[in-house]
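Hello,

Here is the structure I promised to pass on to you. Please open it alongside this message, and my notes on what turned up follow below.

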Amino acid sequence: MKKAVSLVLVAAMSVSVLAGCSAKNNDTGSGSNKTLKVAAIETAYGAEMWKEVAAAFEKANPGVKVELTLDKNLEDVISPKMKSGDYPDVIHLAVGRTLALTETMTKDNAIRDLSGMLEMTVPGEEVKVKDKIVDGFLDTLVTNPYTDGKTYLSPMFYGPCGLFYDAAFLQSKGWEVPKTWDEMWELGEKAKAEGIALFTYPTTGYFDAFFYALLNETGGPEFFNRAMKYEEGIWDTPEATEAFNIVAKLASYTEKSTVANANDSNYLKNQQLILDHKALFVPNGTWIVDEMKDAPRADGFEWGFTALPAVTDGGDQYSYTFFEQVWSPKQAKNPELADQFMAYLYSDEAAAIFAKAGAIQPIKGISSKLEGNNKLFYSIYDNGAKAAMGTFATTEPVEGVSMKDSLFGTVDSVVSGQKTVDEWKAAVNKANDALRGAMK
């Protein structure tokens, strides 16, 4: 009997030891060997940059294995696994996508607080993550969705928007790029005297980035966020009224053919006005350079880029930016390692890898490492401009109501003189009231 019991105990111990070895070899949360699961959307930047970043992180962290999941339809790949309890530790997936996975996770309070990660020192450097990120990127409804002062989605690749112009032409005329709206109107008069319009726009859809930046200038980021949440009476405030009036005055300086071509079929004709010196400024994003790369242009043409002029002398100038986000689910099995990896994403080493693929991060001083037009575009925040970010809060559909149509789409009617500022404001107020109760 004793011999039989001893054999059973020995067998049990052997199984236990083997199980322990197996657990250690497959451990994803402790010990020297760790596996970090990273899921990232594959975009036009390609997948190779993520593979290179993962390899660099592994090299700097012996014993760590980064298990990458990369797909153009990332939601279709990770959602089924997440429903069965298999969560990535780090996810790079922005808001605004059709399947709205990031929004759903945010709404369900299923995303980890990244405030601690932002306080970490960037691996291999002597600066905290939060201090390396361009000012303004951590003060949005996207990054801080719960209004609790904490960051849950960290900003990644971005593209600034602003006013594009021919820098060589302005210089040849001895005209300075306006720093304030008063200077803008003065330049408008100088240009008008020579038969040149001050302004044009591709379509009214481009007024989203324009108006978002302008609201930050007239009222500040807090005011902007209130407007994005459909606050009652927000569009009747002095700050909003000033924004409406600036756009209305700009309408009087807009090239006459703009409205006729402000559609998806002919918008390039409006952008061409800048290249032909028939208008001075056009609101756009960095993609305009590629869109117009084969278009004819005036001799010596040189792309220029600026934030919106400030409302007052010495006031803040804003440039709106679209940006992607990286985050970590609450059910991540390796939260500490996830934070280390996300902190590493803001290192100079990782930033250089991403930049080779054209993916630029909101890191202070990034422009000094870029070349050509990218250096010009991405230096905007290094040269004093502040970043405006965010958009209207998501709502349930309300039949016949679109804030974007009311706020931006109406600009055509204002430029053509079919509607007054008061009529424009009334349309925005009507949409604002209808959508307030439909917020998700």
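Of the 440 residues of the protein chain, 50% count as buried, where buried means under 20% relative accessible area, exposed means over 50%, and partly exposed is in between (1.4 Å probe, protein chains only). Please keep in mind that this is a predicted model, in which local features need pLDDT of at least 70 and side-chain atom pairs count only at pLDDT 80 or more, while totals for chains, interfaces and linings use all residues. Residues are numbered from 1 along each chain as its sequence is written, and side-chain values use heavy atoms, with hydrogens and water left out.

First, the overall picture. The protein chain has 19 helices and 9 strands; these are DSSP runs numbered from the N terminus, with helices (H or I) of at least four residues and strands (E) of at least two. Its C-alpha atoms fill a box of roughly 110 × 50 × 40 Å along the principal axes. Taking a contact as heavy atoms within 4.5 Å, 74% of the contacts between residues at least 6 apart in sequence join residues at least 24 apart. The chain exposes about 20400 Å², and carbon and sulfur atoms supply 50% of that area; accessible areas come from the Shrake-Rupley method with a 1.4 Å probe, and for residues only the protein chains shown count as cover.

Next, the salt bridges. A salt bridge here is a side-chain nitrogen of Lys or Arg within 4 Å of a carboxyl oxygen of Asp or Glu, and by this rule the count comes to 15. One of them joins the side chains of Glu52 and Lys356, at 3.1 Å from N to O. Glu52 lies in helix H2 (residues 48–60) and Lys356 in helix H15 (residues 348–356), so this pair ties together parts that are 304 residues apart in sequence. Glu52 is partly exposed at 33% relative accessible area, and Lys356 is exposed at 63%.

Another salt bridge joins Arg112 and Asp339, at 3.0 Å from N to O. This pair also links distant parts of the chain: Arg112 is in the loop between helix H4 (101–107) and helix H5 (115–119), and Asp339 is in helix H14 (residues 335–344), 227 residues apart. Is Arg112 buried or exposed? Arg112 counts as buried, at 12% relative accessibility, and Asp339 counts as buried at 12% too.

Glu125 and Lys132 meet in a salt bridge at 2.5 Å, N to O, and Lys132 is buried at 8% relative accessibility. Glu119, Lys128 and Lys130 are linked in a network of salt bridges.

Finally, two loop residues to look at. Leu308 sits in the loop between strand S7 (303–306) and strand S8 (318–327) and is buried, with a relative accessible area of 3%. Leaving aside residues up to four places away in sequence, Leu308 touches several residues, including Leu163, Trp181, Phe210 and Tyr318.

Thr204 is in the loop between strand S5 (197–199) and helix H9 (207–228) and counts as buried at 13% relative accessibility. Not counting residues up to four places away in sequence, Thr204 touches Phe408, Gly409, Val411 and Asp412.

Best wishes
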